[in-house]
Each structure stands twice: as C-alpha cells, then as structure tokens.
Amino acid sequence: MSDNEENLKQLPLGDWHRGLGARMVPFAGYQMPVQYEGVMAEHIWTRTEAGLFDVSHMGQLQLTGDGAADALERITPGNLSALAAGKIRYTLLLAQDGGILDDLMVTNTGHNLYLVVNGATKYDDIAYLREQLPDSVTLNHLEDAALLALQGPKAAEAIAKLGIDPHEPDWPEPTDLYFMEAGPFLWRGIPLGISRSGYTGEDGFEISVPSEHAETLASALMELEEVRPIGLGARDSLRLEAGLPLYGHDMGPGLLPVEANLSFALSKVRREEGNFAGAERVLAQYPDKAAKKRVGLFVDGRQPVREGATIVDDTGASIGVVTSGGFSPTLQRPIAMAYVPMDLSETGTAIAVEQRGKKIACTVADMPFVKHHYHRKPKQ
Amino acid sequence: MSRYYTDEHEWVDVEGDTATVGITDYAQEQLGDIVFVEVPDVGTELGQGDDAAVVESVKAASDVYAAVSGEVIEVNEMLEDEPGLVNSSAEEDGWFFRLTLADKDELDDLMDEKAYKAFVDGL
C-alpha cells in the first residue's frame with residue numbers, strides 16, 4: 001500500500017461498503033467503492049431497477065444570511081435570487097476570468113441555500129466562497145452529513161416503502177417531489193434532506209443524512225428488493241450516457257460555460273444583467289461564438305476512445321481532445337465526449353480520433369446518448 | 001505443455017517453440033467487464049516487454065505486454081465478437097495470441113503456477 005493510500009480519508013460508510021464486497025479505490029481523497037458485482041451489471045440494474053450510490057465525498061454547504069443568493073450570483077450565472085423555496089438549480093462556480101471552478105446544485109431551503117459541490121474541489125470552493133462572499137453571509141460546511149443517491153425507474157417505489165414522513169404533517173411526501181425539488185423529512189426521528197435529482201439521467205433522489213445514521217438508512221434501503229449498491233465505475237458510465245459532464249474532465253478552470261456546452265446554465269436575466277464573475281468573457285462566446293464546443297461522439301466499431309485521445313484533421317494535426325470516453329452498456333457501443341472546432345460540432349459530422357497511433361472514426365452525436373427519465377412537473 | 005506466469009498477470013503456455021498468451025483469471029477479475037480486446041497483427045515481431053495488446057473494460061484501457069519475444073503467428077479471432085470470453089474463460093478460450101518463441105531462455109524470467117499463486121496471495 002502506497003503512502004498516498006494511507007493518507008486517504010474514510011467515509012462514514014467505508015466499512016459498510018467493504019462488508020458488501022466492494023472494491024475500494026482512492027477517489028477525491030477518500031477510499032471509495034468503485035464496484036461491487038461489476039460495472040456492467042450495476043449500470044443495467046440502475047437503468048432498470050434502483051441503484052444506491054454513496055456520494056458522501058461531495059461537499060454539502062449551507063449559506064445563511066440576508067443577501068446570500070445575491071452574493072452567490074456574483075460568482076455564478078444562475079438566477080438564484082428568483083429560486084423559490086423547495087427548488088433546486090444547477091449552476092457553475094466561476095473564476096474572475098469566467099473559467100469554471102466547479103459545477104454545483106443550489107437548493108433554496110426556505111431559510112438558507114444548500115449547496116452540493118464536487119468532492120475533489122470542495123476545499124478550493126470553500127476558500128473561494130469565503131473570499132468572495134460578504135461577512136453577512138455565513139458558510140457552513142456540513143462535514144457531519146453523508147449523502148446517498150437512489151437512482152433508477154424503481155427509486156420512487158423503493159423510497160415510498162421506507163416510511164419517510166414530511167417534516168411537517170401537511171408538507172409533501174418524498175414521492176410528491178418533482179425533478180429539481182427538495183424538502184426536509186423525518187425517518188425514525190432522523191432528519192433527512194431529500195432532493196429529486198441525480199447524476200444518472202434516471203428518476204431518483206439524493207438524501208442528506210447525519211453521518212451517524214447513514215448506515216441505518218443505507219441498510220434499510222438495501223433490504224428492499226429493488227435496491228442494489230452501485231459503485232463509482234457505473235456512476236461514470238451512467239452519467240456519460242446521460243450526457244452529463246464531469247468536473248475536472250469535461251470542464252475546468254481553462255474552459256468557459258458556452259464552449260463547455262453549458263449555456264443553459266446562463267439564465268436569461270443574468271445574461272442581461274451581465275454582473276457575474278467573468279461575464280464579459282463568458283458572454284462574448286454566447287450564444288455561438290466560441291471557437292470550440294463540447295459534443296458527444298459515437299465511436300465506430302467496438303473499441304472505446306478514452307480521455308486524452310486527440311481529434312485530428314485530414315493532415316493528422318490535432319484539432320481537439322476527448323474528455324470522457326467509455327463503453328455504453330445500454331447502447332452496447334463506445335461513446336465519448338470531446339471538444340471539437342465549432343465548424344465540426346454539428347450532429348452527424350464525421351470526426352477522426354487518434355489513439356495509440358491508430359485512427360478511429362467517430363460521428364458527432366446528440367446528447368444525452370440515452371434518454372433522460374426525470375420525473376418532471378407537468379406543464380401547467 | 002508447461003504454463004508460465006508474469007507479474008503483469010499474463011499466462012504463457014509453451015508447446016515446443018510455440019507460446020500461447022492470455023491474461024490470468026485474477027487479471028480479468030480486476031479489470032471487470034471486458035468490452036474490447038486489441039490483439040497484435042499476425043506477423044508482428046514482439047520483443048519481451050513490448051506493448052502487445054490492449055484490453056478495454058467499460059471504464060479503462062489496460063496494456064498487455066509481451067511476456068516473451070517472438071513473431072505473432074495467430075490471434076484469437078473469437079475475441080472480436082465476444083470479448084467477454086476473457087471474463088468467462090480467461091485462461092482457456094479467452095487466449096489472446098500465439099507466437100513463435102525467439103528465445104526460450106526468457107521463460108526463466110517467468111513464474112510457475114505455485115510462484116504466481118503466492119504472488120497473487122501477497123497482493
């Protein structure tokens with residue numbers, strides 16, 4: 001075992017995963033379960049039943065104080081001040097030059113903002129937030145909370161069996177939540193924060209639970225016939241099929257939101273106001289003036305292209321890069337995300353990827369690769 | 001026929017001057033679901049330790065090195081349509097390629113079954 005591994009932190013459910021036969025790997029500074037029975041089986045289980053993911057490495061933060069949403073808007077392009085209580089928004093943490101420091105979920109709980117940020121970036125995010133937010137806004141890192149995700153077409157059926165009560169008698173049940181809504185709940189007296197959201201493209205829930213109760217909750221979920229544990233391996237193949245970018249791979253500080261194909265996160269009112277970090281650089285690319293763009297790729301044949309493989313033109317010159325690549329268990333073919341020049345970003349465009357000296361033919365594809373199945377609120 | 005093993009988790013069956021190469025059951029278990037195997041072209045001259053093949057799982061690509069030197073004389077065509085053979089039968093039907101041994105002395109660098117088992121148990 002290397003020194004590096006000895007420095008890894010343990011998550012509240014570390015031993016619980018080992019007890020289930022997980023293979024643990026270092027990830028974001030923690031020992032994390034990468035797989036249990038196998039990536040393919042876990043992936044397909046999540047697409048057909050309900051998968052339980054431990055994502056406790058992610059940062060759970062609270063911003064409290066008058067003007068928290070306004071202050072957060074200075075460093076994000078989301079319309080957070082208009083976010084109603086109980087609603088969630090996906091947004092981007094932007095550096096002063098508009099580069100993407102992280103992607104995150106922001107929930108208006110009604111009395112504060114609850115943020116979920118990436119595990120690998122959480123300490124940098126906290127430092128940046130502390131530096132950028134005024135003293136009137138208090139940042140609280142919820143280090144004593146675990147985060148579980150239950151994802152898949154049977155996630156709602158499963159969660160309904162647990163007997164989770166609304167925090168107040170007349171408030172909604174967990175299954176009353178629509179996609180991107182959240183609320184406080186009680187289960188056997190344990191307070192839970194439940195969001196209808198996830199990172200797989202399936203319907204599902206993300207559950208914040210006090211660390212000391214995480215094992216009780218995870219074990220209760222595991223007793224349900226619909227539920228099996230899912231590791232990081234399948235989490236990655238699921239999010240890739242869903243077309244969801246991974247921070248540090250498909251986006252990063254050297255990339256701006258428009259070229260990262262995240263223009264949907266630039267809300268209309270915020271584009272008009274133009275008062276967020278790096279707005280000038282970010283908006284100069286909007287809507288279609290970036291030189292390159294993140295796209296999906298279908299890969300010909302059976303051999304996956306991987307992160308770091310180069311996109312080449314007819315002369316063999318590098319014109320882009322693959323940022324995520326793998327085999328799609330649902331489609332039974334390799335798929336990828338890549339940055340390509342804007343004039344090659346149209347769906348159906350033929351692209352050549354060079355990997356280990358071999359050229360592999362690809363075609364620009366619409367994302368998501370596999371249709372999302374979110375439980376969206378019906379249009380009024 | 002004698003079987004040899006490498007610390008890169010490959011097995012080598014030697015019959016006369018011909019060696020058949022694959023990855024061990026331990027290796028396939030570690031790699032997980034295998035979705036593609038890139039085998040060398042017939043006629044390729046491999047030096048000991050050269051990149052010989054690539055095994056692709058859902059998540060990652062892994063190199064397979066030539067355990068011994070020689071010229072590739074046959075590859076397992078079955079793997080093209082059925083890469084999962086490496087998972088289901090790593091040490092038999094899931095073989096990768098055959099080569100003509102260039103230097104039998106290289107086999108002295110390899111482990112026998114007992115030594116390999118001890119090696120894996122120590123991991």
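Helices (H or I, at least four residues) and strands (E, at least two) are DSSP runs, numbered from the N terminus. With that in hand, here is a friendly walk through this predicted model, in which local features need pLDDT of at least 70, side-chain atom pairs count only at pLDDT 80 or more, and totals for chains, interfaces and linings use all residues. Residues are numbered from 1 along each chain as its sequence is written, chains are lettered from A and ligands numbered from 1 in the order in which they are written, and side-chain values use heavy atoms, with hydrogens and water left out.

Let us begin with chain B. Its four helices and nine strands come in the order β-β-β-α-β-β-β-β-β-α-α-β-α along the sequence. The table gathers some values for the chain.

| Property of chain B | Value |
|---|---|
| Span of the C-alpha trace along its principal axes | about 35 × 35 × 20 Å |
| Accessible surface (Shrake-Rupley method, 1.4 Å probe) | about 6,000 Å² |
| Part of that surface on carbon and sulfur atoms | 42% |

Contact means heavy atoms within 4.5 Å. Among the contacts of chain B with a separation of 6 or more, 57% join residues 24 or more positions apart.

One residue to look at in chain B is Ser88(B), which sits in helix H3 (residues 85–88). Is Ser88(B) buried or exposed? Ser88(B) is exposed (over 50% relative accessible area), at a relative accessible area of 60%. Glu29(B) lies 59 residues from Ser88(B) in sequence, and their C-alpha atoms are 9.7 Å apart in space.

Now for the meeting of the two chains. Here 19 residues of chain A are in contact with 15 residues of chain B. Buried area is the accessible area (1.4 Å probe) that two parts lose on being put together, summed over both; between chain A and chain B it is about 1,400 Å², with 49% from carbon and sulfur atoms. On the chain A side, Arg23(A), Arg302(A) and Arg306(A) lose the most area to chain B, together 38% of what that side buries.

Finally, turn to helix H8 (residues 232–241) of chain A, where 10 of its 10 residues are buried. Among them are Leu232(A), Arg235(A), Asp236(A) and Glu241(A). The buried residues of H8(A) pack against several elements of chain A, including strand E1 (23–27), helix H3 (39–48) and strand E18 (333–341). After H8(A) comes Gly243(A), with a positive phi near 75 degrees.

Technical notes. Buried means under 20% relative accessible area, exposed over 50%, partly exposed in between (1.4 Å probe, protein chains only).
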